[in-house]
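Open the model in your viewer and have the selection tool ready. Each stop below says what to select and what is there.

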Amino acid sequence: MKEANSDKTRHILDNLFLFFSIFLTKMAYMVSRFFGAGRGSTWPGEIALRLRRDFVRKVAEKNASLRIVLVVGTNGKTTSAKLLAHVLDKSGESAFSNHSGANLLNGVASSLIKHSNWLGRIRKRVAIFEIDENALSQVARQIKPEAILVLNLFRDQLDRYGEIDAITLRWKKVFSELPARSSLVLNGQDPAIFYLGQGAKNLSVHYFGLPEKELPGKSVALEADSVFCPNCSARLHFSALAYSHIGIFDCPKCGLDNSRAVEDLSQGMENPLRGLFNRYNLSGAMLLAKTVFGIPPIKFARFLQDFEPSFGRQEKIKYQDRNFVLQLSKNPVGFNRALDLLEDSEQPVRNVLVILNDNIPDGRDVSWIWDVEFERLVGRAGRIWVSGLRAYDMAIRLKYAVRETAGREKWQNITEQKIAVRENIGAALSEIIKASEPEETIHVLPVYSAMLLLRKKLSGKTFK
Amino acid sequence: MEKNTKKNNNAYSILERHGFIKKHLIIGWLYPELMSTYGDQGNVRILRDRAEGREISAEVRIISLESPAKDIAEADLLFMGGAQDQYQKIVSEDLRAKKNELGEAIERGVPGLYVCGAYQLLGKHYAIGAHTKIEGLGIFDCHTENPGTGKRMIGNIALQAEISELSGYPIIGFENHGGKTYLGASARPFGRVLKGFGNNGEDKAEGIFYKNNIGTYLHGPILSKNPELADWLIGKAYEVKYKEALPLVPLDDSFENKARAVLFKRANLKNGRQGEYVPLSGL
C-alpha cells in the first residue's frame with residue numbers, strides 16, 4: 001500500500017515536472033518567435049533536456065500511442081522524412097517531423113514540445129524523425145521507434161564522426177535493443193547496411209533497392225567506402241552499381257549476396273524528385289509506408305502529386321530576375337549526385353556558384369572536396385564562382401580539375417577564364433548577377449552553413 | 001641494385017638518357033581502394049601534375065592486394081594514405097609479403113609520403129588499449145599507442161618542417177587521429193608543431209623524416225596546400241633516379257598562397273614566413 005502510494009506520488013510529481021518544463025519551454029519559444037529570434041528548432045529541447053535528461057522518454061511514455069519512425073543515413077534523411085510525413089498526412093494519419101538538420105536529441109525534444117499541448121499530450125498520430133548518424137544511440141535510449149529507415153552510409157565529416165565501422169557497430173547495438181517485431185527498412189544495396197539487416201534477430205527486416213536495369217555503373221570508384229565484405233573482408237564483386245558502393249554485389253569468399261534481397265515498389269511511377277539518389281529515397285519511403293502503415297504503392301503515388309522538395313534540395317529561388325537553384329552539397333557522395341543533376345540539365349549551365357565553409361555544421365576538415373568528381377563540373381559549366389571561408393581550397397581543387405579536362409598546355413588560361421574566387425558570399429552573388437542574363441538559371445552548390453546564409457540573402461521568394 | 005643497373009641499360013633508358021624521350025617517373029600508389037580516406041587521393045594527382053608541369057612524364061601505378069612485390073621496387077616515388085581500422089588490418093597483412101621491397105626502396109632513398117594510417121603502419125607497432133598490439137613494418141623508428149579513451153586529436157595544424165629546403169613556409173594541413181605516436185631516440189620528426197597537436201600532443205614533434213621519406217598525420221590533402229613539399233618529393237625522386245638535380249620551373253601557386261594565407265591568419269602566423277612569427281618556447 002505504501003509502495004503504491006509512493007508510486008502515485010512519483011507519478012504526480014513526474015506529471016507536474018513535465019507540465020512545468022513544457023510550459024517553460026513553450027513560453028520561451030513563443031517569446032523568441034515574437035521577437036524573431038530564430039525558428040526554435042533545437043534550443044527549447046535543449047532547455048527541456050537540461051531540466052530533465054529523460055525528457056524525451058517521459059513525453060513518449062505519456063503519448064504511448066504515438067507511432068514513431070526514425071530515418072537515418074548520410075544522405076537523403078530530410079527528403080525521405082519529408083516524403084513520409086507528406087504521404088502519411090495525406091492518408092489521414094496526421095504526421096509531424098523535426099526540422100531539417102535539427103536531428104540530434106535536442107531537435108527531437110523541440111519537435112515534441114512544439115507538437116504537444118500544455119499538458120504534454122500530442123494529438124498527431126505519427127512522428128517521423130530524421131536522426132543524425134551519431135545520435136541514433138542516444139535517441140533510441142529514450143524512445144523505442146516502431147520502425148527505422150536506414151538510407152545509406154558514406155564518408156561524411158569524419159572529423160566529427162570517426163569511422164564508418166564505428167557507426168555501424170553502434171547501429172548494430174541499437175538494433176539489437178529494439179523491441180521484437182520492430183521494423184527495419186534498409187537499403188539492401190549498401191553492403192554495410194545489408195549486413196546489419198542479415199544479423200538483426202527478431203526484427204521485421206525489409207530491404208529496398210533498385211533493379212539492375214536502372215543501375216548505370218559497373219566499376220567501383222577508388223573513394224567508395226564499403227567495397228570489401230563486411231562479413232569476411234574479401235573484395236566484393238559488384239555486378240551493377242548505382243554510385244559509390246551502392247549496388248548489386250556478392251562476396252566470392254563467404255557468399256554474402258544481395259542480388260535477390262531487395263524490392264522496389266516505385267517501379268513505373270513518376271518520381272517528383274530528380275536524380276538516382278532520390279529514386280532510392282522514394283523506394284525506401286514507399287516500402288516503409290507499405291510495410292508499417294499499409295499504404296499501397298498506388299496510393300502513395302497519388303498522395304505524392306503535390307509534394308515539394310525540402311529547402312536547399314533542388315530548391316528554386318527567384319532573385320533579381322535570375323532563377324537560382326540550390327542543391328545542398330556537403331559530402332563527396334552528395335556532391336557527386338548534385339553534379340549528376342547539373343549534367344542532366346537541359347539548359348546550358350553558364351554560371352555555377354560553389355560555396356565552401358568549414359563551420360562546425362559543415363565539418364572543420366575540407367579534405368573531402370578531393371573525393372568529388374569536379375572534372376564533370378568543369379566540363380559542363382561556363383564559369384564557376386567560388387565563395388566561402390575556404391574558397392581558395394576549393395579553387396585549388398578546381399584548378400586540378402581543369403588540368404584533367406583541358407590538358408597541360410591550356411591549363412593556366414582556362415583556369416583563369418573558368419574560375420572566379422570571391423570569398424564574400426554577397427560579393428559573389430552581385431557579381432554573378434552582373435555576369436548573367438535575366439531569366440538565366442544559376443546553380444548553387446553550398447555546404448550547410450552557406451545554404452542557410454544564402455537562403456536568407458535570397459529572401460526566400462520561390463518560383464515554380 | 002643489380003636489377004637497377006640492368007634496367008638502366010635497356011633501349012628505353014638509352015633513348016631517355018640521350019633526350020629522345022621524356023624523363024619518366026613512376027608514382028607508386030599503395031592500396032588506393034583501402035588507404036584513401038580524407039581526400040588523400042588528391043596527393044597523387046598533385047604529384048603527377050606537378051611533375052608533368054616540369055616536362056617529366058609521370059605514370060601513376062596502383063600497387064594493391066593483387067600486385068607483385070616488384071612493383072614497389074620499380075616505383076620512383078611512393079604514396080600511401082590513411083584508412084579505417086578494418087582496412088588497415090587487410091593492408092598490414094598484405095604488406096608483410098612486400099616488406100623487403102618497400103624497406104629496400106626506402107633505404108635506397110626513393111622518396112615517399114605516408115599519411116596517417118600508413119605512417120602508423122610503417123612504425124614498429126600500434127597498441128590499442130592495454131591488450132591489443134598490431135605489429136608494424138618496423139621501417140620507421142616509432143610506435144603508436146591508442147588508449148582508446150582519450151580525445152581524438154582533430155583540427156587545423158601548422159608546423160615548421162625540419163627539412164632545410166622546406167623552411168620557407170610552415171607546412172599546414174588538417175589532423176585527425178586517436179593514436180599517439182612516439183619517435184625513437186635517434187629518429188627525426190618531419191617538423192615542429194606551431195599550432196595543433198602533432199604526433200602525440202605532448203612533445204611538439206610531428207611526423208617522421210627518414211631517408212627522403214615522410215610519415216605524417218597531415219590531411220588536407222597535405223600536398224594541396226604545401227606545393228613546395230610536392231616539388232621536394234618530385235625533385236628527390238628525380239635525383240635518385242637520374243643522379244642529377246631537377247631544375248624546378250616555378251608553377252602558378254597563387255591559389256595555394258591565398259589558401260594558406262587564410263589559415264596563417266587564423267593561426268596568428270604573420271604571413272607564415274619563418275622568422276616573422278614568434279617561435280613557441282621549447283622549440
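Which residues does Lys98(B) touch, not counting residues up to four places away in sequence? Select Lys98(B) and show what surrounds it: the residues touched are Tyr31(B), Ser64(B), Leu65(B), Ser67(B), Pro68(B), Ala69(B) and Ile72(B). Keep in mind throughout that this is a predicted model.

**Stop 1: around Lys98(B)**

Stay with Lys98(B), which is found in the loop between H5 and helix H6 (99-108) of chain B. Is Lys98(B) buried or exposed? Its relative accessible area is 4%, so Lys98(B) is buried. The side chains of Lys98(B) and Asp94(B) are joined by a polar contact of 2.6 Å.

**Stop 2: salt bridges inside one chain**

The next stop concerns charged side chains. Side chains of opposite charge can pair when their charged atoms come close. Over all chains, the count comes to 47 salt bridges.

Select Arg50(B) and Asp253(B), which form a salt bridge with their closest N and O atoms 3.0 Å apart. Arg50(B) lies in helix H3 of chain B, while Asp253(B) is in the loop between helix H9 (227-242) and H10 of chain B, so this pair ties together parts that are 203 residues apart in sequence. Arg50(B) counts as buried because its relative accessibility is 1%. Asp253(B), at 15% relative accessibility, also counts as buried.

Next, select Glu59(B) and Arg61(B). In this salt bridge the closest N and O atoms are 3.2 Å apart. Glu59(B) has a relative accessible area of 27%, so Glu59(B) is partly exposed.

Then move to chain A and select Glu373(A) with Arg376(A), a salt bridge whose closest N and O atoms are 2.8 Å apart. Glu373(A) counts as partly exposed because its relative accessibility is 28%.

**Stop 3: where chain B meets chain A**

Colour the two chains separately and look at the contact between them. How many residues does each chain give to the contact? Chain B gives 47 residues and chain A gives 41 residues. Between them the two chains bury about 3900 Å², and 49% of that is on carbon and sulfur atoms. On the side of chain B, select Arg45(B), Gln84(B) and Phe255(B): they supply 17% of the area that chain B buries against chain A, more than any other three residues.

There are 10 salt bridges between chain B and chain A. One pair to select is Glu52(B) with Arg403(A), where the closest N and O atoms of the salt bridge are 2.2 Å apart. The side of chain B that touches chain A takes two or more residues from each of several elements, including helix H3 (41-52), strand E8 (153-161) and helix H10 (254-266) of chain B. H3(B) gives the most to that side, with 8 residues.

Polar contacts also cross the interface of chain B and chain A, where 15 residue pairs are found.

**Stop 4: a nonpolar patch on chain A**

Finally, select Phe19(A), Phe23(A), Met27(A), Met30(A), Trp118(A) and Leu119(A), and show the surface. These residues make a nonpolar surface patch of about 560 Å². Among them, Phe23(A) lies in helix H1 (residues 2-34) of chain A. Phe23(A) counts as partly exposed because its relative accessibility is 35%.

Methods. Residues are numbered from 1 along each chain as its sequence is written. Chains are lettered from A and ligands numbered from 1 in the order in which they are written. This is a predicted model: local features need pLDDT of at least 70, side-chain atom pairs count only at pLDDT 80 or more; totals for chains, interfaces and linings use all residues. Side-chain values use heavy atoms; hydrogens and water are left out. Patches are made of residues with over 30% relative accessible area and no salt bridge: like charges are joined within 9 Å, nonpolar side chains (Val, Leu, Ile, Met, Phe, Trp, Tyr) within 5 Å. Accessible areas come from the Shrake-Rupley method with a 1.4 Å probe; for residues, only the protein chains shown count as cover. A salt bridge is a side-chain nitrogen of Lys or Arg within 4 Å of a carboxyl oxygen of Asp or Glu. Helices (H or I, at least four residues) and strands (E, at least two) are DSSP runs, numbered from the N terminus. Buried means under 20% relative accessible area, exposed over 50%, partly exposed in between (1.4 Å probe, protein chains only). Contact means heavy atoms within 4.5 Å. Buried area is the accessible area (1.4 Å probe) that two parts lose on being put together, summed over both. A polar contact is a pair of N or O atoms within 3.5 Å; within protein, one must be able to donate a hydrogen and the other to accept it, and residues adjacent in sequence count only if both atoms are side-chain atoms.
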